[in-house]
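Thanks for coming. I will go through one model today, starting with how its two parts meet and then moving on to a few local details.

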Amino acid sequence: MTNAIATTRPEGDEDMFAALVAQPADALLGLIALYRDDQRTAKIDLGVGVFRTDDGRTPVMRAVKAAEKRLIHEQTSKSYLGAEGDVAYTDLLGEVVLGPEMARSDRITGVQTPGGTGALRLGAELLKRARPNATVWIGTPTWPNHGPIFIEAGMAVRAHRFYDVASATIDFDAMLEDLERAAAGDIVLFHGCCHNPTGAALSMQQWQAIADLCAERNLLPLIDLAYQGLGDDLEGDAAATRFLFAKLPSAILAYSCDKNFGLYRERVGALWVQAPSPASIAVVRGNMLSLARSLWSMPPDHGAAIVRTILGSPVLRDDWMSELAEMRGRINLLRSALAAAHPDLAFIGDQRGMFAMLPIGADAVVAMRRNSGIYMAGNGRINIAGLTVQNIPAFVAGLTPHLCNRMPMHDG
Ligand code: PMP
């Protein structure tokens, strides 16, 4: 019956949606289904980018659970907040990200956003108003959502070279050469730390050269900081962001708390902008708020209230920082173990964050899935946190036939 109703088409009815083009399904979500349906017990999931414990869980952090309990007792209203979201959240988080002094600058303003994605989208919409004819330069490879976010907001996007997968190194000269083509007033997107998907980190000398380039050519840096605390430590992972904000009159920061507080589905982020003067930043803030009104009216409250509760309590803050240090310790331990397991993986030990790109082709990715039950993104990106010290040998055994330099054979 249902089918009969669905297929009956009233006469003269036109398909109002005929102009839409079918879209490919999200590749990583498809991978989740494939992994779930795989019956092999020794399968390894290195696909989706979430932190995992040694037993494969993505837990709610202790401080988050404690903050949620407090909120249940202490929250007296769920009435509307403004388009800026939870101001105490943005103020407390601003100190963690920018440091206490810079966070108080009268040339910097921040608002809460739905996740890092919301921060990037709000930043893109702001740029569309402020610099409608500018180009956003994005390094390759990058998080696959970067391009679409700016394109959907109506910005022109161009790629610049960043990382050479085969040699597992940042091609800094090529990056600078490409950015020489940027016009004054263009925007350059940077990963503040823990680059997704490569894990490759720029040195402070390279950030210095980038700051000089931005100053000379009048380029606006937009920093995406989605993994603070999961690389070196909270301070070290914010160093490049703080450096660019200190060196340049204007800068934008899109921030996510979804990884470092394990709040993924709660959608917790923030957008900060620095302008050359207090008068200018007041106008910027007014525009951020009016854009947020039309995008989501106001951001979801719960996750930001959790972060505000944690950062506002010395006890919860300490516990959050020590659990974050445990998470980082696990990732970096796995990095060292991978680097020691095969000479072709040595580069992984020096990189930071949850991801690395394996120097293998798309056919090898498929072969590893079929032959060894090892799941990863189609471009060879692995989520390091999906490994365990115990399954690294099985992972390396599945990978080795696809690497250029095979492991030396044992004598006899
Ligand atoms: N930027 C980068 C580099 C990311 O990897 C991610 C998440 N995968 C985001 C932004 C978006 O984070 P969120 O889930 O908070 O929207």
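Arginine 352 makes a salt bridge with aspartate 232, and their closest N and O atoms are 3.0 Å apart.

Before I go further, the ground rules. This is a predicted model, in which local features need pLDDT of at least 70 and side-chain atom pairs count only at pLDDT 80 or more, while totals for chains, interfaces and linings use all residues. Residues are numbered from 1 along each chain as its sequence is written, and side-chain values use heavy atoms, with hydrogens and water left out.

Now the domains. Domain 1 covers 27-60 + 321-403, and domain 2 covers 80-312; the bounds come from an automatic or database domain assignment. Taken over C-alpha atoms, the centres of domain 1 and domain 2 are separated by 27 Å. The contact takes 23 residues from domain 1 and 23 residues from domain 2, where contact means heavy atoms within 4.5 Å.

How much area do domain 1 and domain 2 bury between them? The figure is about 1800 Å², with 63% of it on carbon and sulfur atoms. Buried area here is the accessible area (1.4 Å probe) that two parts lose on being put together, summed over both. In domain 1, the residues that lose the most area to domain 2 are Arg328, Arg352 and Met357, together 32% of what that side buries.

The interface of domain 1 and domain 2 also has 8 residue pairs in polar contact, both residues at pLDDT 80 or more. A polar contact is a pair of N or O atoms within 3.5 Å; within protein, one must be able to donate a hydrogen and the other to accept it, and residues adjacent in sequence count only if both atoms are side-chain atoms.

On the side of domain 1 that touches domain 2, the elements giving two or more residues are α13 (314-341) and β11 (355-357). Of these, α13 gives the most, with 7 residues.

**The whole chain**

The protein has 15 helices and 13 strands. Helices (H or I, at least four residues) and strands (E, at least two) are DSSP runs, numbered from the N terminus. The C-alpha atoms fill a box of roughly 75 × 70 × 55 Å along the principal axes.

By the salt-bridge rule, the count comes to 17. One of them joins the side chains of aspartate 54 and arginine 330, at 2.9 Å, N to O. Aspartate 54 sits in the loop between β1 (44-45) and α3 (62-74) and arginine 330 in helix α13, so this pair ties together parts 276 residues apart in sequence.

**Backbone details**

Which bond joins threonine 140 and proline 141? A cis peptide bond, with omega about -5°. Proline 141 is in the loop between β3 (135-140) and α7 (146-152).

A cis peptide bond also joins asparagine 196 and proline 197, with omega about 20°. Proline 197 is in the loop between β7 (187-191) and α9 (204-217).

Last, alanine 168 has a positive phi of about 55°, although it is not a glycine. Alanine 168 is in the loop between β5 (163-164) and β6 (169-170).

Methods. A salt bridge is a side-chain nitrogen of Lys or Arg within 4 Å of a carboxyl oxygen of Asp or Glu.
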